[in-house]
Amino acid sequence: MDIEVGILEENMEGSWTLLSWLASCVMVFGGALPYVPQYQEIQRSSNTEGFSTRVCLLLLIANILRIFFWIGKQFELTLLLQSVVMIITMLAMLHLCCNIQQANRISTNQHHFTGNQTITTSGKYPYFTCRLL
(Lines give C-alpha, C1' and ligand atoms only; values in the text may rest on other atoms or scores of the structure.)
Protein backbone atom coordinates (compact mmCIF):
# COMPACT_ATOMS: atom_id res chain seq x y z
CA MET A 1 0.00 0.00 0.00
CA ASP A 2 2.83 2.41 0.82
CA ILE A 3 4.50 1.66 -2.51
CA GLU A 4 1.32 2.60 -4.41
CA VAL A 5 1.02 5.88 -2.50
CA GLY A 6 4.69 6.68 -3.27
CA ILE A 7 4.20 5.97 -6.98
CA LEU A 8 1.05 8.13 -7.03
CA GLU A 9 2.89 11.02 -5.34
CA GLU A 10 5.75 10.75 -7.87
CA ASN A 11 3.27 10.83 -10.74
CA MET A 12 1.60 13.91 -9.25
CA GLU A 13 4.95 15.70 -8.92
CA GLY A 14 5.81 14.86 -12.52
CA SER A 15 2.42 16.14 -13.66
CA TRP A 16 2.90 19.42 -11.79
CA THR A 17 6.38 19.81 -13.25
CA LEU A 18 5.04 19.28 -16.77
CA LEU A 19 2.14 21.66 -16.14
CA SER A 20 4.51 24.28 -14.75
CA TRP A 21 6.79 23.93 -17.77
CA LEU A 22 3.85 24.26 -20.19
CA ALA A 23 2.58 27.34 -18.34
CA SER A 24 6.03 28.91 -18.60
CA CYS A 25 6.13 28.27 -22.35
CA VAL A 26 2.68 29.83 -22.77
CA MET A 27 3.86 32.87 -20.80
CA VAL A 28 7.03 33.24 -22.88
CA PHE A 29 5.45 32.88 -26.33
CA GLY A 30 1.85 33.90 -25.61
CA GLY A 31 2.56 37.61 -25.96
CA ALA A 32 4.21 37.20 -29.36
CA LEU A 33 1.76 34.76 -30.95
CA PRO A 34 -0.91 37.35 -31.83
CA TYR A 35 1.64 39.14 -34.00
CA VAL A 36 2.19 36.11 -36.27
CA PRO A 37 -1.09 36.46 -38.24
CA GLN A 38 -0.65 40.24 -38.28
CA TYR A 39 2.88 39.83 -39.71
CA GLN A 40 1.58 37.45 -42.36
CA GLU A 41 -1.28 39.79 -43.30
CA ILE A 42 1.02 42.81 -43.61
CA GLN A 43 3.45 40.77 -45.68
CA ARG A 44 0.70 39.41 -47.93
CA SER A 45 -1.08 42.71 -48.52
CA SER A 46 1.97 45.03 -48.45
CA ASN A 47 -0.15 47.43 -46.43
CA THR A 48 0.74 48.65 -42.94
CA GLU A 49 -2.41 50.69 -42.35
CA GLY A 50 -3.93 49.93 -38.99
CA PHE A 51 -0.64 48.84 -37.46
CA SER A 52 0.86 51.33 -35.03
CA THR A 53 4.63 51.49 -34.89
CA ARG A 54 4.24 53.58 -31.74
CA VAL A 55 2.87 50.53 -29.93
CA CYS A 56 5.98 48.64 -31.02
CA LEU A 57 8.12 51.45 -29.63
CA LEU A 58 6.32 51.35 -26.29
CA LEU A 59 6.62 47.57 -26.05
CA LEU A 60 10.31 47.74 -26.93
CA ILE A 61 10.95 50.33 -24.22
CA ALA A 62 8.95 48.39 -21.63
CA ASN A 63 10.73 45.11 -22.35
CA ILE A 64 14.17 46.71 -22.44
CA LEU A 65 13.45 48.32 -19.07
CA ARG A 66 12.34 44.94 -17.74
CA ILE A 67 15.67 43.43 -18.81
CA PHE A 68 17.56 46.27 -17.13
CA PHE A 69 15.51 45.70 -13.99
CA TRP A 70 16.35 41.98 -14.14
CA ILE A 71 20.06 42.84 -14.20
CA GLY A 72 19.63 44.80 -10.95
CA LYS A 73 17.25 42.44 -9.19
CA GLN A 74 16.74 39.04 -10.72
CA PHE A 75 13.21 37.70 -10.95
CA GLU A 76 11.74 34.64 -12.62
CA LEU A 77 13.60 33.55 -15.75
CA THR A 78 10.30 33.04 -17.60
CA LEU A 79 9.60 36.79 -17.52
CA LEU A 80 13.10 37.56 -18.78
CA LEU A 81 12.65 35.15 -21.69
CA GLN A 82 9.26 36.70 -22.40
CA SER A 83 10.93 40.11 -22.73
CA VAL A 84 13.57 38.76 -25.09
CA VAL A 85 10.94 37.09 -27.28
CA MET A 86 8.84 40.28 -27.36
CA ILE A 87 11.85 42.40 -28.30
CA ILE A 88 12.66 40.05 -31.18
CA THR A 89 8.99 40.09 -32.26
CA MET A 90 8.74 43.88 -32.16
CA LEU A 91 11.99 44.28 -34.10
CA ALA A 92 10.71 41.85 -36.75
CA MET A 93 7.42 43.76 -37.02
CA LEU A 94 9.21 47.11 -37.28
CA HIS A 95 11.59 45.73 -39.90
CA LEU A 96 8.68 44.48 -42.00
CA CYS A 97 6.74 47.74 -41.64
CA CYS A 98 9.75 49.89 -42.53
CA ASN A 99 10.52 47.80 -45.60
CA ILE A 100 6.93 47.92 -46.83
CA GLN A 101 6.53 51.64 -46.14
CA GLN A 102 9.79 52.35 -47.96
CA ALA A 103 8.71 50.24 -50.94
CA ASN A 104 5.34 52.01 -51.01
CA ARG A 105 7.01 55.44 -50.93
CA ILE A 106 9.34 54.55 -53.77
CA SER A 107 6.51 53.16 -55.90
CA THR A 108 4.38 56.31 -55.49
CA ASN A 109 7.13 58.61 -56.82
CA GLN A 110 7.16 59.15 -60.56
CA HIS A 111 10.40 59.95 -62.35
CA HIS A 112 10.37 61.91 -65.60
CA PHE A 113 13.33 62.38 -67.92
CA THR A 114 13.00 65.45 -70.15
CA GLY A 115 15.80 67.39 -71.84
CA ASN A 116 18.29 68.99 -69.45
CA GLN A 117 16.02 68.65 -66.45
CA THR A 118 16.47 65.03 -65.61
CA ILE A 119 14.50 64.06 -62.57
CA THR A 120 11.44 65.65 -61.12
CA THR A 121 9.33 63.85 -58.61
CA SER A 122 5.66 64.03 -58.04
CA GLY A 123 3.59 62.06 -55.65
CA LYS A 124 3.02 61.90 -51.98
CA TYR A 125 6.67 62.20 -50.92
CA PRO A 126 8.88 64.21 -53.27
CA TYR A 127 12.39 63.54 -52.05
CA PHE A 128 14.72 64.95 -54.64
CA THR A 129 15.16 66.92 -57.79
CA CYS A 130 18.32 66.50 -59.83
CA ARG A 131 19.61 68.21 -62.94
CA LEU A 132 22.08 66.72 -65.38
CA LEU A 133 24.40 68.99 -67.33
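Predicted model: local features only at pLDDT ≥ 70, side-chain atom pairs only at ≥ 80, totals over all residues.

I begin with the annotation. An unreviewed UniProt entry places the feature "transmembrane region" at residues 18-39, 51-71 and 77-97. In the model, the span 51-71 is 90% helix and 0% strand, and its end C-alpha atoms lie 32 Å apart. For residues 77-97 the chain is 100% helix and 0% strand, with 30 Å between the end C-alpha atoms.

The largest nonpolar core has 15 residues. Those with the most contacts inside this core are Tyr35, Ile42, Phe51, Cys56, Met86, Met90 and Met93. Which elements give two or more residues to the core? They are H2, helix H3, covering 53-72, and helix H4, covering 77-108. H4 gives the most, with 8 residues.

Neighbours within four places in sequence aside, Tyr35 is in contact with Phe51, Val55, Leu59, Met86, Thr89, Met90 and Met93.

Next, the cysteines. A disulfide, in general, is a covalent bond between the sulfur atoms of two cysteines. How many disulfides does a search of the whole structure find? The search returns 0. Consider Cys56, which is buried, with a relative accessible area of 1%. The cysteine sulfur closest to that of Cys56 belongs to Cys97 and is 6.4 Å away, which is too far for a bond, because a disulfide requires the two sulfur atoms to lie within 2.5 Å. Cys25, for its part, counts as partly exposed, at 26% relative accessibility.

I now come to charged side chains. The structure holds 1 salt bridge. Glu41 forms this bridge with Arg44, and the closest N and O atoms are 2.6 Å apart. Both residues lie in helix H2, residues 35-45, and they are 3 residues apart, about one turn of the helix.

Finally, the aromatic rings. The structure holds 1 aromatic pair. The ring centres of Phe69 and Phe75 are 6.1 Å apart and the ring planes meet at 25°, so the pair is stacked. Phe75 itself counts as partly exposed, with 24% relative accessibility.

That concludes my presentation, and I thank you for your attention.

Key
Residues numbered from 1 in each chain as written. Heavy atoms only, no water. Phe/Tyr/Trp six-rings, centres within 6.5 Å; stacked < 30°, edge-to-face > 60°. Buried < 20%, exposed > 50% of the residue type's maximum accessible area, 1.4 Å probe, protein only. Salt bridge = Lys/Arg side-chain N within 4 Å of Asp/Glu carboxyl O. Helix = DSSP H or I, 4+ residues; strand = E, 2+ residues; numbered from the N terminus. UniProt positions renumbered as here; feature names shortened; annotations may be inferred. Core = buried A, V, L, I, M, F, W, Y, C linked by side-chain atoms within 4.5 Å. Contact = heavy atoms within 4.5 Å.
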